[in-house]
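Reader: I'm new to this one and would like a close look at a single part of it. Could you take me through it slowly?

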Amino acid sequence: MKETWQVIFSGVGGQGLMLAGTLLGSAATGYEGKNAVMTSAYGVESRGTFAKSDCIVSTQEIDYLEVMAADAVIALAPVAYQKYVDSLGEDTLLIYDDAIETLPSKARQLAFPIAKIAKDVGNISSSNIVALGILVKITALVKEHSVVKAIIEEFWGKEKLINLNLEAFKAGLAISGSK
């Protein structure tokens, strides 16, 4: 098992990228005894411009707060995909929504119907959680049940949101088993 994972959740403002990074970090630190940091960057507008969340999860001390060499990039919007596709190495996993037009890359590219699955689950805004499920299933960087606990903790007292996010997470886990 890899000791350190550097993950970038990218897309546009309003897609819940910071929440995805927070849940991943909470799963790692709160339920697995690992170290994690999350930083974010976004435009001055709250929605519609490029945004990202860097999350580093490690069994070791974390010396630098931002991703230097991504192990995985999640791209939920074309602008995010285009920002990273040319710069990723062959050891990087690039997970993206299959509605995005692909470009050649050295990265290992995996397309999933992330937005469609989120819509089928009941809310397009849960694309971030579907993508988190895909990432966790493919990489095993944290245990599935740790993310489930982090979702329940994050939305404590809001049963409807807990159920929606758990369903989205489980849908991401299920679809990623097909690749």
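Reader: Let's zoom in on Lys2: is it buried, partly exposed or exposed? And what goes on around that spot?

Author: Lys2 is partly exposed, with a relative accessible area of 40%. On this scale buried means under 20% relative accessible area, exposed means over 50%, and partly exposed is in between, using a 1.4 Å probe and protein chains only. Before going further, a word on what you're looking at: this is a predicted model, where local features need pLDDT of at least 70 and side-chain atom pairs count only at pLDDT 80 or more, while totals for chains, interfaces and linings use all residues. Residues are numbered from 1 along each chain as its sequence is written, and side-chain values use heavy atoms, with hydrogens and water left out.

Back to Lys2. It forms a salt bridge with Asp71, and their closest N and O atoms are 3.2 Å apart. A salt bridge here is a side-chain nitrogen of Lys or Arg within 4 Å of a carboxyl oxygen of Asp or Glu. Lys2 sits in the segment before strand 1 (4-12) and Asp71 in the loop between strand 3 (50-58) and strand 4 (72-75), so the pair ties together parts that are 69 residues apart in sequence. Strands are DSSP runs of E with at least two residues, helices are runs of H or I with at least four, and both are numbered from the N terminus. Asp71, for its part, counts as buried, at 13% relative accessibility.

Another links Asp120 and Lys116 at 2.8 Å, N to O. Those two both lie in helix 3 (residues 114-121), four residues apart, about one turn of the helix. Asp120 counts as exposed at 55% relative accessibility, and so does Lys116 at 54%.

Stepping back, the protein chain has six helices and six strands. Its elements run β-α-β-β-β-α-β-β-α-α-α-α from the N terminus on. Of its 179 residues, 49% are buried. Contacts, meaning heavy atoms within 4.5 Å, also say something about the fold: among those with a separation of 6 or more, 58% are between residues 24 or more positions apart.
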